[in-house]
Every structure is written in structure tokens, then in C-alpha cells.
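Subject: Structure handover

Hi,

Here is the structure for you to look over. My notes on what turned up follow below.

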2 protein chains.
Amino acid sequence: MGKTSHISILKNPNLDSSEVAIKNGLSQKRSIILIGHCWVEYNGRARSILEPGERILFIKADGSVLIHRPTGYKPVNWQPSNCYFKISLINDTLIITAIRKKVQESLKIFFDKLFLITVMELVDEGQFYLHVSEKEIQKAILTNPDLLEKAFQPISYEKKIEPGFIDIYGLDKEGKLTVVEIKRGRAGKGAVIQLAKYVDAIRDTASRPVRGILAAPQIMKGVQKMLATLNLDYRKIDLKKCAQTVTFTKATKIQDFF
Amino acid sequence: MGKTSHISILKNPNLDSSEVAIKNGLSQKRSIILIGHCWVEYNGRARSILEPGERILFIKADGSVLIHRPTGYKPVNWQPSNCYFKISLINDTLIITAIRKKVQESLKIFFDKLFLITVMELVDEGQFYLHVSEKEIQKAILTNPDLLEKAFQPISYEKKIEPGFIDIYGLDKEGKLTVVEIKRGRAGKGAVIQLAKYVDAIRDTASRPVRGILAAPQIMKGVQKMLATLNLDYRKIDLKKCAQTVTFTKATKIQDFF
């Protein structure tokens, strides 16, 4: 067993010493990578069987589990965090069972050969920041209007009216004229006032009911109350889903939607 | 560098030898696991930044990429297969750039310290089998009727009529009475005949138009033509989505849907 700072490695371990290393790693809440020849049974929301092959098993410090084949970015089997584990050695097979507490499901991984065991204590306190511009949110909603709300139909974008430009203008599922104001960050009262002005301006020209929606990933304190007072709606925008929807290819300019 | 069958390991490598090992591994289409201290920039459908921390970078033989933090079953960043890679060493930082060919997006991983590099040639030809019962497909459709088709509304299940029991009985988005016959495997002509009998039986009692849907993950040769002749529909069922939808908690018995 070679130690490299906070990483322990076992090369070509026998199954007895593998059992000990895995049990120790789990009890110390370490992350563990096992590379070896295994097969897998899953029982829970459905049942699945993975035939024998050489794979990578990744058990994280929080009790989540991933089994990766040598190709494909998705794991072939996985379990979310907070699994508990049973390790046993039966008939020359090391059996690792990951069991979920809340849901009746279990993942059983059977190893008959291990090439490498890595037990790690990783320190990771870095923040993850996702940046999506208002233009990108606008484009995402135009591409997939369900990101705003079900059955929303955009009619135009950057529609010019008296106070400025409306981000998205469309019809809701009941066919009501709808003005959408997009904010990429935590929307404040300024955004509500801006939206109210647009709704009023449209109402004057349309002489029929007009809805206003503030679309943002978050709103500041007090904004919900202000929206309610002004009879405007808030729709939470999922920035990750927007990011997944928008693709920066030359082929899809925003104009192509209309 | 220690060799364990088809796995090469570099412990605490300097960045120069890391660069060589990664380039060699990539050129030989090996799977590579890098454990070290890194930060990440993503540019593409959106932009994201991951601040420095200790993580696991997994580059697969097919050019897919995963970056895993010590917790959470989802990767913090990832790229699908067929990326191409640029490796460079600038100012004591090893920069691995994974670039997608079809979409303008790139993932840049900056390492200033590597604890372990594992380069593997894994052989995995095992098949993956997912088993979902007809009862589970039924439950999944009742939970999330969009799995069958958009805006489908179940009315009852296992409805008894003359020839037997209808799996799911409901209204389609146009409000038309709809009979659904579920098959968990590749549906054949027997399933079509069964469905046709149910539709006829319902039509006799309802004296209004009745639709029939054969819901299965696959259909046998000639079945599509037979369905068309009998004016019945086929809806492909995604077993993975069904499996994800159904949860075996005691709280959600099938009866709870009605």
C-alpha cells in the first residue's frame, strides 16, 4: 500500500485485503475508486443486470455510487448520496452492496478480480458558478417555451413599446397576451416596476386582459408581495436547463425562431 | 510508473511527466483517471467556472469527460464522447482542453498539482439488461402520463370489460376515449389483436369514437402495418424513463392514483 499525501493505493490486491481496505475507507468516509472485473445487479425501481466486464466503481465520501464502463459519459449504474454499504466475501467473490435508506433499492457489485483500489480524502471547497446571460435565457425560452411555463407560445421578442423593449411577448395556455421580463440574477423591485410599465403600455393598446411574468432564477425579499399587489406573476427560471437548451451554433440565430 | 496488467499508475507525478503520460494515454485511446488539485472553465451553451479544489477527472477511451467532486453522484462538469484534446503546460499549470467537434464548446481543466494518474485499457463487452414489468410500466404511465403521450389523462386501470382487463383506460388530449395495451417486450400481432378486441368492446358500450394505443418499448416486424390497417396507434415506451418514474415505496400503491 503506497501513500501519496492523502491518497492510498493498492495494486492488484487479493480479495481479502480489498475487503479490509474498502471497509476502512467507508468507515473513514473516504472516496474510493475500484478498478476491476465485475458484474452488477440492481433491484429497486426496476431490475437490471450488467454482465461481467472491466469497469470503474466510484464510491464517494457522501455515500453516492457510480459504475462506469470504459465508454460513454453516463454511468451504467448509480445511486445517489446517503447509501449504506454491506461488504462481504463469498466464494472468491467480493460483494459490495449499496442500499438506499428511503427507497427500497439496492445495487450489488460482484468483483472476482481487482486491479487497483484508490482510497482518497479530497478537499474541495471551491464554488461553482454558472453564467447565463439574459440573451441566453431569452433564447432558451424561445427554443423551449415550457422553460417559462407549460404551453406558453412566444409571438415576438424585443418588441418595442413606449417605455422600451419587451424581452418576450406571447400567449399563455389560455390565449392571454403575456409580457415577459427576464432577469439573469436575483430580481428586485426595479424589475417589477419595469414589467408593470410594459404591461400597462400593452394593456392600453390591446384593450384586453394582459398578463405580466417576471422570469428570473431568484427574486429578492418583498418582491413576491409587490408582484401580488400589482397582479403580476413570477416564474422561476432554471439556469442549468436554459444552458442545456441554448447552443451557440451559427445555424440558430435568434431571428430563426420567427 | 508501476504496471498492473493493463493499468499504469503514476504517483505524485510532476507536471512534465503528467503531460507525457496523458498525451500517450490519449493517443492510445486509453481511459485516464487524474486525481489532483484543479480549477475548471466551461464555455459553450453557457459559461461556468469551478474554483480550485481536489477532484477526479475521468477521460474515457471514447473521448468523453467527467469531472467529479468528492460528493454528489452527478459530475460537476462533463462532455459527451468524441471530444478532442489539447494538452499544454503553461506557467506551472497543466491545461487539458476537451473540445467538442459538432458544438462550439470547450472544457478547460487547469491542474497545478497531480496526486495520481491512472491509465487503463479496460475490456468490457458485457451486456446491460433492464427489466421493467408490465405492472411497473403501468404505474409509471399513471404517475407521469406524458410517458405515453402528451396530455394523456388516465381514467382507470385494469378496467374489466368483456374480453378481459384493459391495462389503462383514459382520455387523449382531444378528449377521445383511449384504450392502452401495455407490453414490456417487443410487441407482436397477438398484442394488436388483444387491443383491437378491447377497443371494439369499448366502442360498443360507448357509442362514440374510441382510440387504441399499443404501448411497448419495441414492436415486431409487420406490427406497424397491422396497427395502421386496424386504425390503432403505437407509442414507444422508454423503459429507462419508466424505471426512473416508478418508486417502490409503501406510500404509493397503484390505488393511490385514483
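In this predicted model, 70 residues of chain B are in contact with 70 residues of chain A. About 6,000 Å² is buried between the two chains. Carbon and sulfur atoms give 59% of that area. On the chain B side, Arg45(B), Arg47(B) and Tyr73(B) lose the most area to chain A. Together they make up 11% of what that side buries.

Polar links across the interface: there are 32 residue pairs in polar contact between chain B and chain A, counting pairs with both residues at pLDDT 80 or more. Strand β4(B) gives the most to the side of chain B that touches chain A, with eleven residues. By class, that side has 30 nonpolar, 24 polar and 16 charged residues. Eight salt bridges run between the chains. Asp124(B) and Arg55(A) meet in a salt bridge through their side chains, at 2.6 Å from N to O.

Two residues to look at here.

His68(A) sits in strand β5 of chain A, residues 65-68. It counts as buried because its relative accessibility is 2%, under the 20% cut-off. The side chain of His68(A) makes a polar contact with the side chain of Lys60(B), at 2.8 Å. Beyond its sequence neighbours up to four places away, His68(A) touches residues of both chains, including Arg55(A), Tyr73(A), Phe58(B), Leu66(B) and His68(B).

Leu122(B) is in the loop between β9 and β10 of chain B. Its relative accessibility is 11%, so Leu122(B) counts as buried. Setting aside neighbours within four places in sequence, Leu122(B) is in contact with Ile35(A), Glu54(A), Arg55(A), Ile56(A), Pro70(A) and His6(B). For scale, Leu122(B) and Tyr234(B) are 112 residues apart in sequence and 40 Å apart in space, C-alpha to C-alpha.

Now the cores. The largest nonpolar core has 28 residues. Leu34(B), Leu57(B), Phe85(B), Ile96(B) and Phe111(B) have the most contacts inside it. The elements of chain B that give two or more residues to this core are α1, β3, β4, β5, β7, β8 and β9. Strand β9(B) gives the most, with six residues. A second, separate core has 27 residues, and includes Ile59(A), Phe85(A), Ile109(A) and Phe111(A).

In chain A, seven of the ten residues of α2 (residues 134-143) are buried, so the helix is largely enclosed by the rest of the structure. The buried ones are Glu136(A), Ile137(A), Gln138(A), Lys139(A), Ala140(A), Ile141(A) and Leu142(A). They pack against β10, β11, β12, β13 and α5 of chain A, together with β4 of chain B. Helix α2 of chain B is mostly covered, with seven of its ten residues buried. What covers the buried residues of α2(B) includes β4 of chain A, along with β10, β11, β12, β13 and α5 of chain B.

Last, the salt bridges. Over all chains the count is 28. Arg235(A) and Glu149(A) form one, at 2.7 Å from N to O. This pair links distant parts of the chain, 86 residues apart: Arg235(A) is in strand β17, and Glu149(A) is in the loop between α2 and β11. Arg235(A) counts as partly exposed because its relative accessible area is 28%. Glu149(A) is buried, with 12%. Both belong to a salt-bridge network that links Glu149(A), Asp172(A), Arg211(A), Asp233(A) and Arg235(A).

In chain B, Asp172(B) forms a salt bridge with Arg211(B), the closest N and O atoms being 3.0 Å apart. These two are 39 residues apart, Asp172(B) in the loop between β12 and β13 and Arg211(B) in strand β15. Asp172(B) is buried at 5% relative accessible area, and Arg211(B) is buried at 13% relative accessibility. Another bridge joins Arg100(B) and Glu105(B), with the closest N and O atoms 2.6 Å apart. Arg100(B) is partly exposed at 22%, whereas Glu105(B) is buried at 3%.

Best wishes

Note on methods
Residues numbered from 1 in each chain as written. Chains lettered and ligands numbered in written order. Heavy atoms only, no water. Core = buried A, V, L, I, M, F, W, Y, C linked by side-chain atoms within 4.5 Å. Buried < 20%, exposed > 50% of the residue type's maximum accessible area, 1.4 Å probe, protein only. Helix = DSSP H or I, 4+ residues; strand = E, 2+ residues; numbered from the N terminus. Contact = heavy atoms within 4.5 Å. Buried area = accessible area lost by both parts, 1.4 Å probe. Salt bridge = Lys/Arg side-chain N within 4 Å of Asp/Glu carboxyl O. Polar contact = N/O pair within 3.5 Å; in protein donor to acceptor, adjacent residues only side chain to side chain. Nonpolar A, V, L, I, M, F, W, Y, C, P; charged D, E, K, R; others polar.
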